[in-house]
Amino acid sequence: MRASSDSTLGRLEDQDDPSPLLPLEMIWLYFVAPLAAAPLLDKDFFTLPLAKSLHHVAAGYPIFFTLALALHSLYIWVMPGLVRRLRTPLARGVLHVAVGSGVPLVMVILVIHPLKVRLGAGLRYSMAQDLLVATLISWMFLFPGLIVQRLRNTAARIERRALLAQRAALEAQLSALQARIQPHFFFNSLNTVASLISENPELAERTLERLAELFRYALDSGKSRFVSLERELDMTRDYLAIQTARYGARLRTHLAVDEQLTGISLPPLVLQPLVENAILHGMDRREGVSVRVLVRGEETWLHIEVIDDGPGPGASGHQGAQTGVKDLRERLRLLYGEQGTLTLEPVPGGGCRARLSLPSGGPLR
């Protein structure tokens, strides 16, 4: 089954492959080929007077240039479509042979022979000899050119398939990580609403409405690799409103955002896990926690900081599995390589700063 699917994929790639059939740089060979071919076509070339030798060289240019123009025109505009319609290597080989033999015949009858006569090249060959020379010249360039370009196209196709396979693997890994984030996010949010039902049913109802919006965003984010910063901030505000409803005055929040940056794209659900961590660990203190979110741009970078005044990294009584931070770092690595970074550092006087730095894709100022 695997072999069948691979052969089907290969056939589809051959049919849709836009790669050239002949090396484009072959065109330059036709400028120097008559110089190299003249001694081979005339054994007395080096014993002739200079003017006669140059005359023989000039007589070769009509053959080379007209064949070059005809063959490359066909292989650029006509042959790719014909080759894609043929399913077997044998049929394609027959087509190449037909073109390599038919083009010299047509060009000798219609162009090359009449042109040599008109130019007064001192015609030494009959039309049959001109046809033989033109056919040899065509295959001398066409056959190696087809082989070289075929090897190039095969190598490029293998490289494309490897890149596509790598991309598919990365997308599958990203989807798995994002799918793992969403249930974790849903579970914690539902616990928040459950704690409000008995205490304040009206607030619980409003919170459920916000939670529905959060769920919709989280589910939609599974279909998109990037969202706008504005959407991510709106979701974060809803999340903070839900947590404020739960903790009341014990949770103090502040968002400072450069509004000129809200159109920038970033991965979904990168800010919420950091805010959730800040609240979760900061609530170890009886008096609660203050959480600040700062968003700023610097040249081609987007910087997001989530700062809390809790016990600081490693000092919280709630250790957990730290899957949120680990998964977020892995997502950043897959999307940005070494450019996307997430660091956690203590804040002087107590607290933790989560600093997220992402390339913006262009200058921000």
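Reader: Which residue is the bridge partner of Glu305 in S7?

Author: Arg355 is the partner in S7. Keep in mind that this is a predicted model.

Reader: How do strand S5 and strand S7 pair, parallel or antiparallel?

Author: Antiparallel. Strand S5 covers residues 301-308 and strand S7 covers residues 352-359. Eight bridges join the two.

Reader: What sheet are they in, and what is the strand order?

Author: An open sheet of five strands. The order is S2-S4-S5-S7-S6, and the pairing is mixed.

Reader: Which are the edge strands?

Author: Strand S2 (251-257) and strand S6 (341-346). Each of them pairs on one side only.

Reader: What does the twist average?

Author: From one strand to the next, the average is 15 degrees.

Reader: Which strands does helix H7 touch?

Author: Helix H7, residues 229-247, packs on the sheet and touches S2, strand S4 (289-298) and S5. The direction of H7 makes about 165 degrees with that of S2.

Reader: And helix H8, which strands does it lie across?

Author: S2, S4, S5, S6 and S7. Helix H8 spans residues 272-282 and runs at about 155 degrees to S4.

Reader: Why is H8 called largely enclosed?

Author: Because eight of its eleven residues are buried, H8 is largely enclosed by the rest of the structure.

Reader: Which residues of H8 are buried?

Author: Gln272, Pro273, Leu274, Val275 and Glu276 come one after another. Ala278, Ile279 and Gly282 are buried too.

Reader: New topic. Which residues make the nonpolar surface patch?

Author: Ile27, Trp28, Leu29, Phe31, Val32 and Phe65. Their patch is about 590 Å².

Reader: Which helix gives the largest share?

Author: Helix H2, residues 29-41. Three residues of the patch come from there.

Reader: Where is Trp28, then?

Author: In the loop between helix H1 (2-16) and H2.

Reader: Is Trp28 buried or exposed, and why?

Author: Exposed, because its relative accessible area is 63%, and the cut-off for exposed is over 50%.

Reader: One more residue. Where does Glu330 lie?

Author: In helix H9, which takes in residues 323-336.

Reader: What is the relative accessible area of Glu330?

Author: It is 21%, so Glu330 counts as partly exposed. Buried would need under 20%.

Reader: How far apart are Glu330 and Thr341?

Author: In sequence, eleven residues. In space, 10.0 Å from C-alpha to C-alpha.

Notes:
Residues are numbered from 1 along each chain as its sequence is written. This is a predicted model: local features need pLDDT of at least 70, side-chain atom pairs count only at pLDDT 80 or more; totals for chains, interfaces and linings use all residues. Side-chain values use heavy atoms; hydrogens and water are left out. Helices (H or I, at least four residues) and strands (E, at least two) are DSSP runs, numbered from the N terminus. Buried means under 20% relative accessible area, exposed over 50%, partly exposed in between (1.4 Å probe, protein chains only). Two strands pair if DSSP finds at least two bridges between them. Axes are lines fitted to C-alpha atoms, for helices over the stretch in contact, and angles run from 0 to 180 degrees between N-to-C directions. Contact means heavy atoms within 4.5 Å. Patches are made of residues with over 30% relative accessible area and no salt bridge: like charges are joined within 9 Å, nonpolar side chains (Val, Leu, Ile, Met, Phe, Trp, Tyr) within 5 Å. Accessible areas come from the Shrake-Rupley method with a 1.4 Å probe; for residues, only the protein chains shown count as cover. A salt bridge is a side-chain nitrogen of Lys or Arg within 4 Å of a carboxyl oxygen of Asp or Glu.
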